[in-house]
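Q: Could you walk me through this one while I have it open? I'd like to go contact by contact, starting with a single charged residue.

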Amino acid sequence: MIESIIETQRKYFDDGKTLDVRTRLSYLKALKKAIVANESKIAAALKTDLGKSPSESYMTEIGMVLEDLSCHIKHLKKWAKPKRRRSPLAQFPSKSYILPSPYGNTLIISPWNYPFLLSMQPLVGAIGAGNTAILKPSRASAATSAVMKELIESVFPQGLAACVYGTDGINDEILTYKFDYVFFTGGKDVGKKVYEAASKNLTPVTLELGGKSPVVIDKTAKIDLAAKRVVFGKFLNVGQTCVAPDYVIAHESVADKFVQCLKKYIAKFYPDALGNDSYGKIISARHYDRVKNLIGGSIVCGGDFDDEKRKIEPTVIYPATIDDPAMQEEIFGPVLPVLTYSTEEQLLEIISKHPTPLAFYLFTSKKKTEKRLLPRVAFGGGCVNDTIIHIASTYIPFGGVGGSGIGSYHGAKSFETFSHMKSVLKKSNAIDLPIRYTPYSKGKDKMIRFFMK
């Protein structure tokens, strides 16, 4: 089946059917209309898979896809136009430009934690840039995958976009085929396999991975507000967010106050978490057991769980140490270790003991601290005085660095990611300067040096 779809899409692309920008726009508009019409069905699927409330589903998934679609629909014609560039004097007379061109047949592999958002956002970029696309969502979020398959089949011809999922070994099988671009979101272990498979055909990739994203609370931070925003970012989707605050490093002078404020906002936002229908669940028994095993040390808030519902209370560990179970891997669940520091050197040492984070969050009232720390910490993206909201902007790219990923997307960057920027120099036929042709002479050398210095 996969091979047949790939062949259909290859012919569709080779026939030039994706090149017309107006046609691309018509499909993006049709997709937006279909998402709006099926909002309740998408939200119900997300509730089944992850226990998300309709409000959270719209804010963190459906609404963000619609916003990205609106951005593409508004700006696509401009993005797709050739971009004029200066030509060197030595090539007079000529014109230079960059021509955005689609790669061709693309593969998008998406995860289960934000199954709708992390499938549809890259799909928007792929289609907008003029590619065909095969979407391979996670079978762990089976309800949402089924809705997306139905949605894609209602909007796109199979030659342009298709959705496949659900069988054992499908990831391994699909990676044996040649694609022109691969976009993967998920864990590092699978990401390495994707990278290795793509390298066999020298296929370019985007890898959106994860990591232990730190939060720094310095002694000048607005403690109450910082705690409120950390609770929001950490326990959204019960911590199953690639850019969720993974752990906190608070200055020793404010750590106690910060933890008390954490407890206050957890009680306010998630009363009776195990029985709260708006508080989600862990995606599977395997992940649930893994997160439970990370709970240890000095628990000052939460720590209880419900095996039948796969729910874990928002849990705070304080004071945590780098030897605690929760500090040994990316948590990806509702457990928050809080460590302390006294000097910036100590702070940076703690961060450096872990792989490059996908996100970094700094709470401070001092611009000098911001200017000093942001360049010294390697991270994909982040916020000053907030958490996770940088991923909700179509105006700035989102992506990782080092072990947290390769490449970025969102808004205009999605179009760029799925486009090859062809460099073209158009030379005039009216004049042909002789200085580049042999035989060379002192006079020609002098002219060449004049033009090229």
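This is a predicted model: local features need pLDDT of at least 70, side-chain atom pairs count only at pLDDT 80 or more; totals for chains, interfaces and linings use all residues.

Q: Which residue does arginine 290 form a salt bridge with?
A: The partner is glutamate 329, and the closest N and O atoms of the two residues are 2.9 Å apart. The pair links distant parts of the chain, since arginine 290 sits in helix α11 while glutamate 329 belongs to the loop between β13 (315-317) and β14 (335-341), 39 residues apart. Glutamate 329 is partly exposed as well, at 33% relative accessibility.

Q: How many salt bridges are there in the whole structure?
A: A search of the whole structure gives 16 salt bridges.

Q: What does lysine 264 pair with?
A: Lysine 264 meets aspartate 224 in a salt bridge, side chain to side chain, with an N to O distance of 2.5 Å. Because lysine 264 lies in helix α10 and aspartate 224 in helix α9, this contact ties together parts that are 40 residues apart in sequence.

Q: What about lysine 178, which side chain does it meet?
A: The side chain of lysine 178 meets that of aspartate 180 in a salt bridge, at 3.6 Å from N to O. Lysine 178 is partly exposed at 43% relative accessibility, and aspartate 180, at 24%, is likewise partly exposed.

Q: Switching to aromatics, how many pairs are there?
A: The count comes to 14 aromatic pairs. One of them joins phenylalanine 235 and tyrosine 270, whose ring centres are 6.2 Å apart and whose planes stand at 75 degrees, so the pair is edge-to-face.

Q: Where do phenylalanine 235 and tyrosine 270 lie?
A: Phenylalanine 235 is in helix α9 (residues 223-235), whereas tyrosine 270 is in the loop between α10 (255-269) and α11 (285-292), so the contact ties together parts that are 35 residues apart in sequence. Phenylalanine 235 is buried, at 1% relative accessibility, and tyrosine 270 also counts as buried, at 16%.

Q: Which residues form an aromatic cluster?
A: One such cluster is formed by Tyr103, Tyr181, Phe183, Phe398, Tyr409 and Phe418.

Q: OK, on to strands. What is the order in the open sheet of three strands?
A: The order is β1-β2-β20, and the pairing is antiparallel. The edge strands, each pairing on one side only, are β1 (83-85) and β20 (419-427). With direction ignored, neighbouring strands of this sheet are turned by 30 degrees against each other on average.

Q: How many bridges join β1 to β2, and how many join β2 to β20?
A: Three bridges join β1 to β2 (residues 94-102), and these strands run antiparallel; nine bridges join β2 to β20, also in an antiparallel arrangement.

Q: Which residue stands opposite lysine 83, and what is the bridge partner of lysine 95?
A: Lysine 83 stands opposite isoleucine 98 in β2, while lysine 95 has lysine 426 in β20 as its bridge partner. For reading side chains along such elements, in a regular strand they alternate between the two faces of the sheet.

Q: What about the surface, which residues form a nonpolar patch?
A: Leu89, Phe92, Ile431 and Phe450 form a nonpolar patch there, and together they have about 420 Å² of accessible area. Phenylalanine 92 is found in the loop between β1 and β2, and with a relative accessible area of 48% this residue is partly exposed.

Q: Last one: where is glycine 405?
A: Glycine 405 is found in strand β18 (residues 405-406), and at 4% relative accessibility this residue counts as buried. The C-alpha atoms of glycine 405 and threonine 106 are separated by 18 Å, with the two residues 299 apart along the chain.

Notes: Residues are numbered from 1 along each chain as its sequence is written. Side-chain values use heavy atoms; hydrogens and water are left out. Rings of Phe, Tyr and Trp (its six-membered ring) pair if their centres lie within 6.5 Å; planes under 30 degrees apart count as stacked, over 60 as edge-to-face and the rest as tilted. Helices (H or I, at least four residues) and strands (E, at least two) are DSSP runs, numbered from the N terminus. Buried means under 20% relative accessible area, exposed over 50%, partly exposed in between (1.4 Å probe, protein chains only). Two strands pair if DSSP finds at least two bridges between them. Axes are lines fitted to C-alpha atoms, for helices over the stretch in contact, and angles run from 0 to 180 degrees between N-to-C directions. Patches are made of residues with over 30% relative accessible area and no salt bridge: like charges are joined within 9 Å, nonpolar side chains (Val, Leu, Ile, Met, Phe, Trp, Tyr) within 5 Å. Accessible areas come from the Shrake-Rupley method with a 1.4 Å probe; for residues, only the protein chains shown count as cover. A salt bridge is a side-chain nitrogen of Lys or Arg within 4 Å of a carboxyl oxygen of Asp or Glu.
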